[in-house]
Amino acid sequence: MTEFVGLQRTAERVAAGETSSVDLVTEALDRIEKAQPSLNAFRRLRREAALAEAAQADERLAAGERAPLLGVPIAVKDDTDIKGEPTAFGCAGEFPLKGADCEIVRRLRQAGAVIVGKTNTPEFGQWPFTEGHAFGATRNPWDIGYTPGGSSGGSAAAVAAGLVPAATGSDGLGSIRIPSAWTGLVGVKPTRGLVPSDPLPDMWNGLATHGPLARTVEDAALLLDVLAATGTRMRDGAKSAPGRLRIALALQVPFTLLPARLDPEVRSAVVRLGRVLARLGHEVTLASPHYGLVGLGVFARSLEGLKGAAQEVPDMRLLDTRTQQNHRMGRMLSPLVKFSRLHERFERRRVGRIFDNADVILAPTTATPPTPVGHYDGLSNFGTTRTMIAACPYAWPWNILGLPGVNVPAGLTSKGLPIGAQLVSVENSEPVLLSLAAQLQKEERWQDRTPPGLG
């Protein structure tokens, strides 16, 4: 099936002349349009522009030029500026066309990628579900009655369904790892600062970063090399053996102020992966970080970030009432942002002590399997927060600390829905995490699993 060839293999096929970029991009656009009524993964398609760029890529290939992603179709999340396109970030209304590419789009173009469209995200990426009155509901390819997660849910749905070989997302409190877990993908939240956020100087007060979503570790590593301009460092890491690592199996739920518990099916899946890693020769022990009040100030930092994001909204009254309330609350909490950034230093030392005795943490990515579409409909602001914390309490500590995390598929629930586990380590340890993930992939063969009816 051409849908599931993958990023690296697609790039190789184009470079070898086995197919043309125009053919690939046409096929991708056709798949997206066919799937749009059921999955609703895309906010905006670039058919005319993408086909023109694909024709240019074919000319470059014919002239002997080579680049890592030359002629390969890619999708980006709708928080990403593309010259000549609006950036609605999940919101309703008419948005101005951007006058310049953001830095990660510039790097994608430099690598030769053809961006076919922008994927759906909830308003300002606030929630772990991709639904909104501006575009409707994005649905999970494994079961369209369920969400693919959020906030990079459109990108996750597009890759999981084989509409594109890989996509970019952004992760502020788990927004790459959560949808990757719920759609059976590899998703990487890089170390803070590894991938540029330009034109934003500091995405969401240091909480957010761009990163890749893909079906395999190798594909995620390739896309991360492009986004971070690291040459082949990530791919080399994915190809190398990790050696014997000390792995902390961390099942404890971080302190959240609101109740959350680990679903038994998710727990069993993560523990099973721990056993697989032990069988592969790693030292796996049950140990959780001393999270303490790691989330102190997280709402101030995230909600205050709405202030800048909302500046281009044509009419605030078009937004979800929860977004409007969060925007007002963010202005009120703004004075606490500086305190939270200062407190991060102490949190880093306290939580980081676990790395004195462990090289990598293995933890659930989410506390529950995917939630149904409409699960959050009609909830108040507090009700939405309470419900999403119950589902997704594990991802956000690593955004606060700026540490890298990689979601890996952990299997399927009894209902056939994907669940995931995250591998976390110290700053700039992405090559080690990718190496360990690749070792797991060889055992688990998750790349061979496809949503029902799509394999």
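Modeller: I start with the salt bridges and then move to the strands, the surface and the backbone.

This is a predicted model, so local features need pLDDT of at least 70, side-chain atom pairs count only at pLDDT 80 or more, and totals for chains, interfaces and linings use all residues. Residues are numbered from 1 along each chain as its sequence is written, and side-chain values use heavy atoms, with hydrogens and water left out.

The structure holds 31 salt bridges. A salt bridge here is a side-chain nitrogen of Lys or Arg within 4 Å of a carboxyl oxygen of Asp or Glu.

Take R109 and E53. They form a salt bridge, and their closest N and O atoms are 3.2 Å apart. This pair links distant parts of the chain. R109 sits in helix 4 (residues 103-110), E53 sits in helix 3 (residues 47-62), and the two are 56 residues apart. Helices (H or I, at least four residues) and strands (E, at least two) are DSSP runs, numbered from the N terminus.

E53 has 17% relative accessibility, so E53 counts as buried. The cut-offs are these: buried is under 20% relative accessible area, exposed is over 50%, and partly exposed is in between (1.4 Å probe, protein chains only).

The pair also belongs to a network of salt bridges. Its members are R44, R46, E53, E85, D101 and R109.

Now go to helix 13 (residues 336-352), which holds both E344 and R348. The two are 4 residues apart, about one turn of the helix. Their side chains meet in a salt bridge at 3.3 Å, N to O. E344 is buried at a relative accessible area of 6%. R348 counts as partly exposed, at 29% relative accessibility.

R445 and D448 meet through their side chains in a salt bridge, 3.0 Å from N to O. R445 is partly exposed, with a relative accessible area of 42%.

For context, UniProt places the feature "domain: Amidase" at residues 23-434, in an unreviewed entry. UniProt positions are given in the numbering used here, feature names are shortened, and annotations may be inferred rather than shown by experiment. Over residues 23-434 the chain is 37% helix and 15% strand. The end C-alpha atoms of that stretch are 31 Å apart.

Next, the strands. Strand 9 (residues 246-249) and strand 10 (residues 283-286) pair in the parallel sense over 4 bridges. Two strands pair if DSSP finds at least two bridges between them. R246 stands opposite E283 in strand 10. Strand 9, helix 9 (residues 264-279) and strand 10 make a right-handed β-α-β unit. Right-handed means that, with the strands pointing away from the viewer, the path from the first strand over the helix to the second runs clockwise.

The loop between strand 9 and helix 9 holds L257. At a relative accessible area of 72%, L257 is exposed.

Last, the backbone. G149 lies in the loop between strand 5 (136-137) and helix 5 (153-160). At 0% relative accessibility, G149 is buried. S151 is in the loop between strand 5 and helix 5, and the peptide bond from G150 to S151 is cis, with omega near 10 degrees.

A cis peptide bond also joins D198 and P199, with omega about 15 degrees. P199 lies in the loop between strand 7 (186-189) and strand 8 (209-214). N205 lies in the loop between strand 7 and strand 8. N205 is not a glycine, yet has a positive phi of about 55 degrees. N205 is buried, at 15%.

F89 is not a glycine and has a positive phi of about 50 degrees. F89 is in the loop between strand 2 (73-77) and helix 4. Its relative accessible area is 12%, so F89 is buried.
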